[in-house]
Amino acid sequence: MSLLEIGNLSLSIGGTPILRNIELSVSPGEVMGLVGESGSGKSMTALTIMQLLPWVARATGRVTFDGVDILAASEDQMCALRGDDIGMVFQEPMTALNPVKTIGEQVAEGIRWHTRASRADAEERARKMLDRVGLPSAQFPLSRYPHELSGGQRQRVVIAIACALKPKLLIADEPTTALDVVLQAQILDLLRDLVAENRMGLLLISHDLAVVTEMADRITILRHGEVMEAGDTARTLSEQLHPYTRQLAQASMHVPARAKTYEVGQGKPLLQVAKPLLQVERVTRDYPGRRTSLFKRSAPTRAVDNVSFSMISGQSVALVGRSGCGKSTLARLVLALDEPTSGAIRFRGQDIAGKSEADLKSARRDMQVVFQDPYGSFDPRQKVERLVAEPLHVLERKPDSAERREMVAKALHEVGLSPRDMDKYPHEFSGGQRQRLSIARAIITRPKLVVADEPVSALDVSIRAQILDLFAGLNQKLGIAYLFITHDLTVARAITDEVMVMHDGRIVERGKTSEVLDHPQSEAARALVTAAPDLHRAIARRLREQE
Amino acid sequence: MTAYLLKRLAIAVATLVLASMVVFAVLEIIPGDPARLMLGMNASAEQVELLRNQMGLNTPLALRYLHWASGLLSLDFGRSYTYSVPVIDLVRERVVVSLPLALIALALSTLIAIPVGLFSAGRRGRAGDTIAMGAAQLGVAVPNFWFALMLIYLFAVWLRLVPSGGFPGWSVGVWPALKALVLPAIALALPQAAILARVTRSALIEVLNEDYIRTARAKGLPYRAVLWRHALRNAMIPVLTILGLQFAFLLAGTIIIENVFYLPGLGRLVFQAITQRDLIVVESVVMLLVAAVIIVNLLVDLSYAIVDPRLRSRQ
């Protein structure tokens with residue numbers, strides 16, 4: 001019998017329909033993957049099972065967990081289930097833990113609440129659980145606070161909280177989306193082991209088809225609150241009977257068509273091919289250590305360590321590495337938003353390290369930036385015209401308002417938006433459209449270089465494919481060089497000629513993208529490549545296992 | 001942590017020094033001769049000269065400030081002109097009324113505000129919340145002396161539970177003394193509690209939207225437990241800030257309330273000193289009140305570090 005049975009579940013919040021006739025089941029020891037794009041109702045399904053919906057939500061249908069009718073259960077019954085028989089892991093590990101309580105308190109709390117164990121007993125069990133999720137007592141005593149841990153470590157604590165009482169069902173809502181690929185692989189391994197150990201059912205929610213394929217026995221594909229297709233993971237994804245399944249699968253493996261004009265052989269110095277656009281020479285950036293007392297500081301942290309590289313016009317280069325490897329610091333240095341401790345950065349032959357804003361004006365005009373979060377990077381109270389025209393103040397001659405409108409209209413047109421969108425506010429756009437707006441803002445000054453920091457990682461696969469196409473097209477049409485900062489190797493593969501692998505502040509490997517990704521030489525690059533989920537590989541492996 | 005504490009302490013000391021300069025300067029800025037001002041228009045030139053000497057008005061400004069400031073440090077505030085006694089004696093006599101009054105009011109406002117804030121935040125948008133916040137709105141709007149009069153009418157005149165004013169002194173026993181302070185403390189606390197309850201509610205509501213609240217709910221804790229165990233402590237930072245800022249208003253409130261209840265406290269002393277133009281007393285008492293406010297805010301800064309572990313490890 002199934003552990004969790006959802007039948008004909010419909011949900012509306014404040015009169016707006018969210019879910020329609022959802023069918024889903026999870027058996028003990030089974031991993032069910034719930035896939036869909038943002039807004040498809042994945043998280044709402046999870047919150048319905050937990051009964052943690054906003055109070056205006058109305059659910060109809062049938063949700064049965066281990067014989068208990070969830071939709072009819074009282075709040076007391078639900079409290080007894082939550083954290084004991086059903087555990088839940090959330091997407092954002094940085095904010096999922098209470099900042100003012102120690103990790104020991106937070107793991108032990110649920111244990112004490114449900115088992116009425118003494119504080120000492122509960123702490124002992126919490127200790128064991130933290131050991132189990134890979135946080136050994138020597139490094140991670142119970143007295144640690146969340147802010148003293150990294151994102152991956154915090155996610156382990158969240159998993160420890162959810163699994164402390166060996167739940168029958170674990171709901172993991174995008175548990176690895178905020179983590180880099182190496183950490184993602186580790187967390188997925190941990191979840192897999194926990195499922196095997198306790199015959200726990202796992203409802204794995206993700207937008208990432210590759211992740212779900214690697215993990216799930218069965219898969220349910222959700223769109224606009226409805227189940228599109230459900231069934232055995234390998235079969236569903238290899239046959240791709242449903243058009244939406246096919247669309248999702250294709251989008252997640254999408255590679256924009258690019259004429260590879262700037263391919264450079266491995267090992268051949270770029271300087272001989274063309275005049276370099278950007279030269280970074282022996283750049284180091286130290287951050288002062290934390291003050292341990294009034295007069296003492298700990299040793300400085302070296303975020304970027306003796307990095308040298310160069311780029312030519314029109315070249316698309318990926319800078320990949322795990323989180324905390326220094327890639328964003330390096331990007332800030334290149335953009336002259338931060339000054340190197342030592343070393344030189346030249347942009348179009350001009351030295352940009354340590355220059356005043358006035359001296360940087362021409363360099364600023366020729367390089368622009370696109371950030372990860374299309375929601376946070378716009379002032380919500382300004383119209384698109386002003387937002388997109390923002391970089392125009394670095395132009396030599398200020399355009400008058402008619403010229404400005406014309407330039408904005410052109411930039412909007414180039415990124416596939418309508419010039420009529422100029423008078424709208426950011427909230428009127430979807431996530432993908434907003435990322436188009438930030439690209440329009442980046443290209444309005446006709447830059448030679450665009451630095452893009454994880455520009456597609458917050459987007460759904462189908463929108464991601466469109467944005468990658470846009471990047472590729474602009475590269476062809478306008479000859480813009482890209483420095484793509486990403487931890488996602490699919491993105492690097494899709495859109496860049498060259499890749500640089502960064503590890504502990506150094507560039508440990510550089511070469512043609514396909515060669516580095518297919519035959520990584522350095523250990524850091526190998527770790528990234530092995531950990532990166534790949535849809536083809538995952539489907540092939542599943543099919544092999546089933547034979 | 002030590003760096004944080006030292007920095008806060010340094011800021012507090014600097015504020016105190018700056019405040020003393022301002023308070024001292026006010027006396028200098030007053031147009032005309034302070035001695036003449038204090039003695040009135042009918043005083044003779046000799047009397048004025050005598051007072052000028054007594055106040056040290058004939059010495060240079062900087063020297064006078066240093067003399068006054070060092071006097072403050074050794075608790076020598078000079079002599080009151082109207083009472084002809086050392087100011088410190090006056091203060092000592094009055095502080096035993098005002099300090100308990102302020103502390104009781106502070107404790108009372110916190111004890112009222114936090115449960116009301118929790119109650120309201122837990123029932124956001126429902127009838128209980130609307131009623132509690134409506135009451136709080138009223139509490140913010142109505143001045144404390146009006147509360148004072150209503151309280152006197154209800155508890156002293158009608159129910160005859162407590163005296164309507166005056167202070168018997170601590171020598172007659174703790175209970176009669178406390179009884180005399182109950183009504184004024186309530187009158188002082190109510191408007192403060194109203195503001196604090198609103199702040200507590202909005203801080204809690206903000207915290208309740210955080211991800212870790214959902215984590216706590218997913219652990220199986222009932223809503224009420226989550227509110228107390230997880231939300232309250234995180235909501236304390238803005239509440240403490242307002243508490244510190246309100247202390248200054250609380251002290252200002254004592255001036256009015258002590259007059260309404262006829263309590264011989266610092267507030268009444270400073271009020272009388274102002275009407276009698278006893279600038280030495282005014283200067284000293286104002287300085288004391290400033291010091292009290294700065295110390296309370298220093299304590300608030302320290303309590304941040306207790307509430308929030310992130311402050312302890314940050315520089």
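How many bridges join strand β11 of chain A to strand β14 of chain A, and how do the two strands run? Five bridges join them, and they run antiparallel.

This is a predicted model: local features need pLDDT of at least 70, side-chain atom pairs count only at pLDDT 80 or more, and totals for chains, interfaces and linings use all residues. Residues are numbered from 1 along each chain as its sequence is written, while chains are lettered from A and ligands numbered from 1 in the order in which they are written.

**View 1. The β11-β14 pair of chain A.** β11 covers residues 276-287 and β14 covers residues 342-347. A:Gln279 stands opposite A:Arg346 in β14(A). Strands are DSSP runs (E, at least two residues), numbered from the N terminus, as are helices (H or I, at least four).

**View 2. The open sheet of chain A.** Four strands follow the order β12-β11-β14-β15, with antiparallel pairing. Two strands pair if DSSP finds at least two bridges between them. β12 (301-312) and β15 (350-351) are the edge strands, each pairing on one side only.

**View 3. The contact of chains A and B.** Chain A gives 28 residues and chain B gives 23; residues are in contact if their C-beta atoms, placed from the backbone, lie within 7 Å. On the chain B side, α1 (2-29), α9 (211-218), α10 (223-260) and α13 (309-313) each supply at least two residues. The largest share, seven residues, comes from α9(B).

View 4. The unreviewed UniProt entry lists residues 95-119 and 237-257 among its "transmembrane region" spans. Residues 95-119 are 100% helix, with end C-alpha atoms 36 Å apart. Residues 237-257 are 100% helix, with end C-alpha atoms 29 Å apart.

Terms used:
Contact = placed C-beta atoms within 7 Å. UniProt positions renumbered as here; feature names shortened; annotations may be inferred.
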